[in-house]
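Let's take a walk through a protein model together. Have the sequence and the 3D view open, and turn the model as you read.

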Amino acid sequence: MTLNAHSITLNSPEETAAFAARLGASLRPGDILLLEGQIGSGKTHFARSLIQSVMNTPEDVPSPTFTLVQAYDTKVGEIWHCDLYRLSAVEEIEELGLIEAFDTAICLVEWPDKLGPLTPDTALQVTVETDSNNEDTRQLTLSWSDPKWPARLESAA
């Protein structure tokens with residue numbers, strides 16, 4: 001499979017939130033976003049912005065660091081926001097029900113390297129990096145092999 005990539009520079013938290021909202025509007029159940037980046041790079045801000053933009057009724061979107069998974073009913077379908085940082089074995093991912101959710105929900109997965117061999121080929125990888133010269137600027141690198149992503153990304157651009 002060919003891996004495609006596109007980079008975007010977002011100059012403020014508001015630009016990051018706006019891009020996340022535009023991308024969120026194009027998502028459908030079965031779509032998976034793998035959110036990669038260092039601690040503090042903005043993965044949770046991106047996920048929170050995306051989720052809140054598609055909620056039927058606005059509500060708080062806490063980080064799932066301790067709960068591992070937070071699920072939300074939204075206008076575009078059920079969204080699972082997962083933080084795999086604290087997991088130590090692939091079997092724990094299966095116990096969460098995440099593999100089934102990959103088929104039935106929109107899944108936003110922080111620390112996706114913990115998925116190992118369970119990483120879906122159809123996912124959009126979103127790598128978030130901070131700019132050492134400006135703490136508000138984020139560089140997003142979007143990578144994919146599934147042919148559904150270019151049209152979705154174009155509508156979010």
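First, some ground rules. This is a predicted model, so local features need pLDDT of at least 70 and side-chain atom pairs count only at pLDDT 80 or more, while totals for chains, interfaces and linings use all residues. Residues are numbered from 1 along each chain as its sequence is written, and side-chain values use heavy atoms, with hydrogens and water left out.

Let's start with strand 2, which covers residues 32–36. Helices (H or I, at least four residues) and strands (E, at least two) are DSSP runs, numbered from the N terminus. Four of the five residues in strand 2 are buried. Here "buried" means under 20% relative accessible area, "exposed" means over 50%, and "partly exposed" is in between, using a 1.4 Å probe and protein chains only. The areas themselves come from the Shrake-Rupley method.

Which strands pair with strand 2? One is strand 5 (residues 106–110), in the parallel sense over four bridges. Another is strand 6 (residues 124–131), also parallel and also over four bridges. Two strands count as paired if DSSP finds at least two bridges between them. To find these pairings on screen, look for Ile32, whose bridge partner in strand 5 is Cys107, and for Leu35, which stands opposite Val126 in strand 6. As a general point, side chains in a regular strand alternate between the two faces of the sheet.

Now step to Asp31, in the loop between helix 1 (13–26) and strand 2. How many salt bridges does the structure hold? There are two, a salt bridge being a side-chain nitrogen of Lys or Arg within 4 Å of a carboxyl oxygen of Asp or Glu. Asp31 forms one with Lys148, where the closest N and O atoms are 2.7 Å apart. This pair links distant parts of the chain: Lys148 lies in the loop between strand 7 (134–144) and helix 5 (149–156), and the two residues are 117 apart. Asp31 also meets Arg152 in a salt bridge, at 2.2 Å from N to O. Together, Asp31, Lys148 and Arg152 make a network of salt bridges.

Are these three buried or exposed? Asp31 is buried, with a relative accessible area of 2%, and Arg152 is buried too. Lys148 counts as partly exposed because its relative accessible area is 23%, which falls between the two cut-offs.

His81, in strand 4 (residues 77–83), counts as buried because its relative accessibility is 0%. Leu153, in helix 5, is buried with a relative accessible area of 10%.

Finally, turn to the surface, where Glu91, Glu94, Glu95, Glu100 and Asp103 gather in a patch of negative charge. Helix 3 (90–96) and helix 4 (98–104) each give two or more residues to this patch. Helix 3 gives the most, with three, and Glu100 lies in helix 4. Patch residues have over 30% relative accessible area and no salt bridge, and like charges are joined within 9 Å. Asp and Glu count as negative, and the place of the charge is taken as CG of Asp or CD of Glu.

Technical notes:
Patch = residues over 30% accessible without salt bridge, like charges linked within 9 Å, V, L, I, M, F, W, Y side chains within 5 Å. Areas by Shrake-Rupley, 256 points an atom, 1.4 Å probe, with all protein chains shown as cover.
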